[in-house]
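Visitor: I would like to go through this model residue by residue. Please show it, and then I will ask.

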Amino acid sequence: MKGANAKAKANAAQGIPELIEIATEKRHTENSKKKHEKDAKYGWYRYESRFALPVYSERREVIRYNVYHVAMIIRHSEDGKKYLYDIMNIKKETGSLFQSDDITQ
């Protein structure tokens, strides 16, 4: 992973609790790979979520926020707990650029 998506994924990792808290569209799938028999014994969950990163001007003022959509893969392990496995399909939402004026008012 390179460029803007790598930066977005690194920043998304800073807010994992918030990403999980606002996640939607929960879907479950059974485990189908032998290599995951223990670590995903009860299957996989996929959640959709969003986060925003500020874009700064040359004067270090926030001029807008770039909003990203992500899919989070959660494995449901043999111990009954759920663990974040990956954050993937990071896509910038082109129609949802928040201007800083909208946020401060």
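Visitor: Is S49 buried or exposed?
Guide: This is a predicted model, in which local features need pLDDT of at least 70, side-chain atom pairs count only at pLDDT 80 or more, and totals for chains, interfaces and linings use all residues. Residues are numbered from 1 along each chain as its sequence is written, and side-chain values use heavy atoms, with hydrogens and water left out. Buried means under 20% relative accessible area, exposed over 50%, and partly exposed in between, with a 1.4 Å probe and protein chains only. The relative accessibility of S49 is 3%, so S49 counts as buried.

Visitor: Which backbone oxygen does the side chain of S49 reach?
Guide: S49 sits in strand β2, residues 44-56; strands are DSSP runs of E with at least two residues, helices are runs of H or I with at least four, and both are numbered from the N terminus. S49 touches residues including I22, A23 and Y68, leaving out those up to four places away in sequence, where contact means heavy atoms within 4.5 Å. At 2.9 Å, its side chain reaches the backbone oxygen of L19.

Visitor: What is the phi of N89?
Guide: N89 belongs to strand β4, residues 82-99, and is partly exposed at 36% relative accessibility. Most residues other than glycine have a negative phi. N89 is not a glycine, yet its phi is positive, near 50°.

Visitor: What is the phi of E25?
Guide: E25 lies in strand β1, residues 24-29. With a relative accessible area of 51%, E25 is exposed. E25 is not a glycine either, and its phi is positive, at about 55°.

Visitor: What pattern does the protein chain follow along the sequence?
Guide: The protein chain has three helices and four strands. Read in sequence order, the pattern is α-α-β-β-β-β-α.

Note on methods:
Polar contact = N/O pair within 3.5 Å; in protein donor to acceptor, adjacent residues only side chain to side chain.
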